[in-house]
Amino acid sequence: MPRPFGGPSPPIPTYDEAVGAEREGLLGSRPAGRQPVGYQPPSDDSRRNSDVTEPELDDEDDRELRHDIEQMELEEPESSSTRRSRLFSRLPKFTEFREHLSGVSLPPIPEYMKPSWILLIRFLALMLVLGIVYGLVVMRVLTWQHGPLGIQFLPESIRMHIQWSVSTENIKTYLKEITFDDHIAGTKGDFFLAEYVENLYKEAGLDGIFRDDYQVYLNYPRVDGRRVAIIEPEELRFEAILEEAIEKQDPPRHPTLAFHGHSKSGNITGPLVYANYGAREDFDYLKSQNVNLTGSIALVKYYGTQGDRALKVKAAELAGAAGCLIYSDPADDGFLKGPVAPDGPWRRADSLQRGAVSLMSWVVGDVLTPGWASTSGADRLSVENNPGLVNIPSLPLAWRDAAPLLAALKGHGKQVPENWLGGVPDISEWWTGDAGSSPIVHLMNLQDEVEKQPIRNIIGKIEGYEQPEKVIYLGNHRDAWCFGAVDPGTGTAVLLEVVRIFGTLLERGWRPRRSIVFASWDGEEYNLIGSTEHVEEGIASLRKDGVAYLNIDTGVAGHNLRAAGNPLLEEVLLTVLSRVTLPYTNESAADNWHNTGKKLEGLGAGSDYVAFQDLAGTASFDIGFEGEEAGFPYHSCQETLDYFERFVDPDYLYVATLAEIMSLMVYELADAPMIQFDFNAYARAVSDYVNQLKDDATVQFVSGVFPAGQPNIDLTSLETAAKSFVDSAYEFMDWQKDWTRRLLGVDEYNPLLESRLTAIERITRNVRMSNFDTHLLDLPTSNKGREGGVPGRTQFKHVVYGPQLWSGYDEAYFPHIRDALFEYKNISQAQEMVEVVAERLEYASHKLNH
């Protein structure tokens, strides 16, 4: 039977309670000194000077590490005004203690009670030992670690509290509120939901809460501004309905209009051509069959070999089409897969998929401010000929509306190959059409375009006490194309429950070593805008102090756990999964992970982790429970609360399980003395990426993609750098294992007898860990005069990770090299990029231990 969620949380024993000390009131109400909101940054007088010689440090890490050491509470407080996260209890100086003892008068001891000389010597020896230990503590040779208000908790008690605090009833309440109305970015429903999230942050008592506002380019559909129709010949005239039907709801709600975010405005006519999934190879095939595409309206299917809808439109544009229509075929996500709504989870005949067609693997964030934040006074690019936008209009269609278009193509162009056939019923023959003979289609997409539309992120923070500048992020986007029960509603519900749980920990006096930021992003559906603008505005701080970013987007769409991310985070994920039992089973999530052969996948450009990993160099992660491929009405107004409760997670147990997993991951990353990163896993992964690149390059040369006699690419320097990383990672992790063995035998997160020098070394290594991915960024200051970043899309700075140029949802390992070699077929540029990547990897590996 699954573990029940909800119910009262067991009290968290403090450290002293756990070892038998009697202490009262520690788990009572919120300490009087802590305000629920309105965190104030540290003042200069909270810093300390150190008179202990510090380890010798290198170049740019020097100032940062010295600042981190100064921030440690290793000296006596100067006043009671220091920030509450540093209010550690203090021992008096040894001289004061001696003076106090000298003034104490003791009554005479009767003869019969006087101890023997042996006992007296033993007593004095014991006092001498205690005095020496006391003196070492006073001189800070030994430290006694404890929390900001003198309250210390066993890590296991925190974990148990987290797991037993998750409430399915709370999650159900959140999701009902989230799905009450549509909430497209920048609209009234979106801002209403932002206020709801902000109020829940306040109820949790977070240290700081603020609204993170930007002004960005968005588009919205007009009721009378959209049309898809066959206008010639007369006998084939047809008018598409365009809109979805919506089931009766109480209170009644209306679906949002069908459109593509960031689509091109236009009012055009042209001959219809069918182009399968709209991949570049599909348009190449049409050209090989002498099908004329010039000035055509391309009709393509969702999914397939080109999963990114924006790149379908771009491929049609490059092939000469004047417009693009994208429809949902029942062979991919409709009745040929299973029962459709309301009897099943699959897409109905009138269901369609909204979504943005901005080129998120080319330009991420607000397309008018690529590389800088879209604040009110920021410079802006033009919408026309913008590198992040397509240049032909497009609209989404249901297969109900695509059927007459496909039928009208019979006899025009060429009959399609078998693998181009779709599942639309009553299409007796599938033809390509041709610009010279096909029926003429009218495509109108006139819309409201706003270059400075307000959007709002909601940010909440818990201040850490040991390294408060170091930050763990947990983020989820709030905006949706309609009601968004699954995407992103389940993720938003998880975020809110995690916030509530950590609020209960704050009430009991707990505080993490490193700070935690909870982010509700806006504008994600339009090219990941909210998170990207936040990162771009604070890019220097994130590159210096960002530790990890954990993302939840589509939290629960099915029952199959999947995760993608930086290999640094794989070990902490598996540790957390070993504690969690999957719903309706007696199987741990870790056992399921291993038994089903799961692996941590790579990150592409599909959600809010992009700016953190690829622009800021912050190790990132994304997780969720998925169903069958295309197994829910994605970006449809049929994705309602009723749909979720009937077909996805009726008991809310999978959403609760995800909240449990994410709460534990945040805790482990924020409160462990040593940041829970696995550099051995990262080094092994990079070696695998190099081997994969080498194999792919060999295939390209052997298959004749490059002209005969063209020199092969030399990856020797990259292979050497990967080997250096393996050696450096082993050395680094060996020290960490030794530290763990020596100091965490009793209390894994509170080393009791850690010397000051060892504490400094630990903090030093935490800094090195958080800086590692930053050192892998190709910045202008580190590349001998180059602009930095992937050539042609310089926003993306990371030399190991980034999205594929022509597949926004898929990852590319070493994007600098792959773009040059496989997309541009430029071997000399690819060789140059090999040296750039190898240099960065060598540098990061060296800095890990120096």
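A crossing of two helices is left-handed if the near helix is turned anticlockwise from the far one by less than a right angle, and right-handed if clockwise.

## Basis

This is a predicted model, in which local features need pLDDT of at least 70 and side-chain atom pairs count only at pLDDT 80 or more, while totals for chains, interfaces and linings use all residues. Residues are numbered from 1 along each chain as its sequence is written, and side-chain values use heavy atoms, with hydrogens and water left out.

## Helices α21 and α24

Two packed helices are described by the angle between their axes and the distance between the axes. Helix α21 (residues 716–743) and helix α24 (residues 827–848) have axes that come within 9 Å and cross at roughly 15 degrees. Axes are lines fitted to C-alpha atoms, for helices over the stretch in contact, and angles run from 0 to 180 degrees between N-to-C directions. Helices (H or I, at least four residues) and strands (E, at least two) are DSSP runs, numbered from the N terminus.

α21 and α24 are therefore roughly parallel to each other (angles under 35 degrees count as such). Their crossing is left-handed. Residues making the contact include Phe725, Ala729 and Phe732 of α21 and Val834, Ala838 and Leu841 of α24; contact means heavy atoms within 4.5 Å.

## Nonpolar cores

A nonpolar core is a set of buried Ala, Val, Leu, Ile, Met, Phe, Trp, Tyr and Cys residues joined through side-chain atoms within 4.5 Å. The largest has 184 residues, of which Phe518, Met662, Phe677, Phe679 and Phe814 touch the most other members. Helix α19 (residues 653–671) supplies the largest share of this core, 13 residues.

A second, separate core of 23 residues includes Ile459, Val471, Ala564 and Leu603. Not counting residues up to four places away in sequence, Phe518 touches Tyr201, Ile459 and Phe502, among others.

## Val576

Val576 lies in helix α15 (residues 570–577). With a relative accessible area of 1%, Val576 is buried (under 20% relative accessible area, 1.4 Å probe, protein chains only). Leaving aside neighbours within four places in sequence, Val576 is in contact with Ile661, Leu664, Met665 and Glu668. Val576 and Met665 are 89 residues apart along the chain, and their C-alpha atoms are separated by 6.5 Å.

## His262

The loop between β4 (260–261) and β5 (266–274) holds His262. His262 counts as buried because its relative accessibility is 1%. The His262 side chain reaches the backbone oxygen of Tyr217 at 2.9 Å. Beyond four places in sequence, the residues that His262 touches include Tyr217, Asn219, Ser358 and Tyr526.

Methods:
Buried means under 20% relative accessible area, exposed over 50%, partly exposed in between (1.4 Å probe, protein chains only). A polar contact is a pair of N or O atoms within 3.5 Å; within protein, one must be able to donate a hydrogen and the other to accept it, and residues adjacent in sequence count only if both atoms are side-chain atoms. Angles under 35 degrees count as roughly parallel, over 145 as roughly antiparallel, 65 to 115 as roughly perpendicular and the rest as oblique.
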